[in-house]
Amino acid sequence: MITGTTRFAPLLAHPCRHVRTPKVFNAECAARQIDMVMLPLDVQPQMLQPTVAALRAVGNLAGMVVTIPHKTAIATLCDRLTGAAALVGACNIVRREADGSLTGGMFDGEGFVAGLRHQDHDPAGRRVLLIGAGGAASGVAHALVAAGVDSLTIANRSAEKAALLVEQLRSAFPQARLGIGPANPRGHDLVINGTSLGMHEGDALPLDPDRLSPGTLVAEVVMQPDVTPLLRAAEARGLAIHKGLHMVEQQVGLLVDFLA
Ligand SMILES: NC(=O)c1ccc[n+]([C@@H]2O[C@H](COP(=O)([O-])OP(=O)(O)OC[C@H]3O[C@@H](n4cnc5c(N)ncnc54)[C@H](OP(=O)(O)O)[C@@H]3O)[C@@H](O)[C@H]2O)c1
């Protein structure tokens with residue numbers, strides 16, 4: 001029930017037809033009897049700055065949840081960044097403080113690791129291949145290293161972004177076993193698609209599924225479609241899969257906590 005005291009937390013995205021966060025966010029608020037509501041706002045990249053400037057002025061704005069393509073740009077519009085957001089220079093949530101200032105946070109990675117654990121897949125001690133070095137992949141990489149993986153190899157189309165991510169990880173976790181590699185899943189027991197490949201019909205697969213080893217867990221950050229072509233290919237080879245939906249489901253409580 002929306003009343004005069006309801007606080008507003010829009011989801012900023014472009015495009016926004018695929019988003020699933022409002023449904024789970026609003027369900028979480030309702031279940032916890034928190035008077036806050038989310039609507040998706042379709043904001044073109046060139047309109048992000050004026051949109052955020054206007055929202056900053058809204059007294060009952062709790063904050064904003066942010067997704068493609070705004071995660072990096074919004075970090076530059078915040079007054080301060082906390083936790084993983086400060087490490088990766090990207091945000092998926094912004095809290096409006098009482099004085100109208102904006103605090104950015106990043107919970108993609110924590111959500112991903114919480115989703116794995118919730119499905120009884122502890123990432124500790126695993127040899128991990130992560131495809132991607134964008135906003136979601138960067139958060140996932142930090143959280144996996146913090147969760148004690150054995151090793152982490154990053155493969156990304158733009159090699160310089162993979163190198164930058166490894167550099168950021170090295171300064172935060174000097175003892176971690178990190179590498180840059182091709183998207184070859186052999187020898188890894190957890191393989192993650194952290195790119196947007198799989199969202200659109202006709203997308204290439206992020207890796208060659210014929211090179212997956214027996215016993216490998218294949219995980220996704222893409223949540224729409226629910227079972228991506230990569231997950232279908234892994235299932236067809238008898239491998240365990242982990243959907244992108246688990247990441248958003250476990251993350252939503254963290255997002256609501258940040259704004260509540
Ligand atoms: N489940 C969840 O809770 C959750 C949370 C956040 C995001 N996501 C999903 O994660 C995905 C990525 O989001 P993001 O915010 O990380 O996006 P992003 O910052 O734009 O990064 C996109 C990544 O995908 C790669 N990529 C894109 N097109 C490619 C192509 N044709 N071939 C090879 N690589 C390609 C990019 O490589 P380059 O660096 O070379 O461009 C980059 O690594 C989206 O599907 C999003 O919906 C899910």
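**Figure 1. Contacts of Ala85 in the predicted model**. Apart from neighbours within four places in sequence, Ala85 is in contact (heavy atoms within 4.5 Å) with Ala90, Cys91, Gly104, Gly105 and Met106. Of these, Gly104 lies 19 residues from Ala85 in sequence, and their C-alpha atoms are 6.5 Å apart. Residues are numbered from 1 along each chain as its sequence is written, and side-chain values use heavy atoms, without hydrogens and water. In this predicted model, local features need pLDDT of at least 70 and side-chain atom pairs pLDDT 80 or more, while totals for chains, interfaces and linings use all residues.

**Figure 2. Setting of Ala85 in helix H4**. Helix H4 spans residues 83-88 and includes Ala85; helices are DSSP runs of H or I with at least four residues, strands runs of E with at least two, numbered from the N terminus. Ala85 has a relative accessible area of 0% and is therefore buried (under 20%, with a 1.4 Å probe and protein chains only).

**Figure 3. The largest pocket**. Its space is about 1200 Å³, the volume filled by probe spheres set on grid points joined across faces, edges and corners. A pocket is an open set of points on a 1 Å grid over the protein atoms alone, where a 1.4 Å probe fits, with protein on both sides within 12 Å along at least five of seven lines; lining residues have an atom within 4 Å of a point. Among the 48 lining residues, Ile68, Gly134, Gly135, Ala136 and Gly194 are closest to the centre of the pocket.

**Figure 4. Elements lining the largest pocket**. Strand E5 (63-66) and helices H3 (71-75), H6 (135-146), H7 (159-172) and H9 (244-259) each supply at least two lining residues. The largest share, 5 residues, comes from H9.

Conventions: Buried means under 20% relative accessible area, exposed over 50%, partly exposed in between (1.4 Å probe, protein chains only).
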